[in-house]
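Here are my notes on this one, in the order I'd go through them with the model open. Have a look first, then read on.

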Amino acid sequence: MTTLTVEKLNHEIGAEIIGLDADRMTSDEAVPGAVLEALEANGVLVFRGLYLEPEAQVAFCRTLGEIDTSAGHHPVDGIYRVSLDTSKNSSASYLRGTFDWHIDGCTPKDDTYPQMATVLSAKAVAVRGGETEFASTYRAYDRLGADEKKRLAALRVLHSLEASQRPVTADPTPQQLEYWRRWPTREHPLVWTHKSGRRSLVLGTSTDHVVGMDRAQGRALLDDLLARCTAPEYVYRHEWSVGDTVIWDNRGVIHRAAPYPEDSPREMLRTTVLGDEPIQ
Ligand code: OGA
Ligand code: MN
C-alpha cells in the first residue's frame with residue numbers, strides 16, 4: 001500500500017504531502033519510513049493545515065531520529081520557539097541570522113553534526129514577510145560542470161558565528177563581537193559526500209573564507225556558488241498559514257526566512273532531528 005500521497009511542488013525541490021492528518025502522523029507505523037524516503041527524494045515536505053500539537057510534533061520527530069531537547073523557550077521539551085519577540089524568546093536577536101541563506105548547525109558549540117532534519121509548524125504568521133525559502137544543495141552540486149566539480153572537491157571553508165551575524169548586525173557592540181569570537185569556528189569541505197553517496201555544497205551565511213585562498217577570490221567563489229544555488233527558478237518559497245508544518249532535509253537543503261518585523265506576531269515551533277553524519 002502506498003503510505004503517502006506526494007505531489008511535487010516544482011521540478012527542483014519540495015513536495016506536498018496530501019491527506020495525512022495529525023493522528024496518523026504518530027499512529028501509523030509506516031509513516032516515519034515513508035516520510036524519510038520522501039524527504040530524501042524531495043528535500044522539503046509541506047503538510048498544509050495539519051495543526052500538529054507541540055507534543056505530537058515532538059512524538060512524530062522522535063520516530064524519525066534522536067531529537068534536540070535543549071532548552072527552547074517553550075514549555076514542551078523538544079520544542080524551540082522561533083520568534084523575534086524577546087518576551088517569547090530571550091535569544092531572539094540571533095534569529096535575525098535566519099534572514100540569510102544557511103544550513104543549520106554548521107558552527108556547533110560542541111561536537112554535534114549538523115542536524116538531519118528540521119520541522120517548523122506555524123502557530124502565528126506575519127502580516128507581511130516571513131515566508132521561508134528553500135533551495136537544494138544536492139541539485140546545486142549536480143548542476144556543476146565536471147571541471148568545476150573537480151576544482152571544488154579539494155576546497156575547505158571556515159565557518160563562523162561572526163560571519164553569520166555580521167550581515168544582520170552590521171555595527172556590533174564590543175560585547176557582541178567578543179561573544180561571536182569566543183564561539184568555536186569550524187572548517188568544513190565545500191563539497192559534502194554523504195553516507196548515501198550523494199554530494200551537496202556546503203554554503204550559506206556561516207561561510208567565512210575559503211582556506212588557503214585569497215580572501216576576495218574565495219568570497220567571490222562562495223557568492224557565485226550561492227547565487228547559482230538559490231536562483232529564483234530553483235527555490236521553493238513557502239507562504240505560511242497557521243497550522244502548516246514543513247520539514248526539510250538540513251543535509252542537502254539551504255533555507256532562509258524572508259525578513260519580518262521584530263514586533264511581528266509570527267511564531268514558529270521548531271523541532272530538530274539530530275544529525276546522523278558529519279560534513280565530510
Ligand atoms: C530555523 C530557521 C526559518 C524561518 O528555524 O532554523 O531558519 O522561516 N527558520 O523561521
Ligand atoms: Mn535555520
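1. Cysteines first: searching the whole structure turns up 0 disulfides, a disulfide being a pair of cysteine sulfur atoms within 2.5 Å. C61 has no such partner, and its nearest cysteine sulfur, in C106, is 20 Å away.

2. Before going on, the ground rules. This is a predicted model, where local features need pLDDT of at least 70 and side-chain atom pairs count only at pLDDT 80 or more, while totals for chains, interfaces and linings use all residues. Side-chain values use heavy atoms, with hydrogens and water left out, residues are numbered from 1 along each chain as its sequence is written, and chains are lettered from A and ligands numbered from 1 in the order written.

3. Are those cysteines C61 and C229 buried or exposed? C61 is buried at 0% relative accessibility, and C229 is buried at 1% (buried is under 20% relative accessible area, exposed over 50%, partly exposed in between; 1.4 Å probe, protein chains only).

4. Now the metal. H102 (NE2), D104 (OD) and H255 (NE2) coordinate the manganese ion (ligand 2) at 2.1 to 2.2 Å; donors here are N, O and S atoms within 2.8 Å of the metal (3.2 Å for Na, K and Ca), and with water not among the atoms, sites may look incomplete. Along the sequence, the spacing of these donor residues reads H-x1-D-x150-H.

5. H102 is in the loop between strand 4 (80–82) and strand 5 (117–124), and H255 is in strand 14 (residues 253–257), so the pair ties together parts 153 residues apart in sequence. Strands are DSSP runs (E, at least two residues), numbered from the N terminus. Both H102 and H255 are buried.

How values were computed:
Helices (H or I, at least four residues) and strands (E, at least two) are DSSP runs, numbered from the N terminus.
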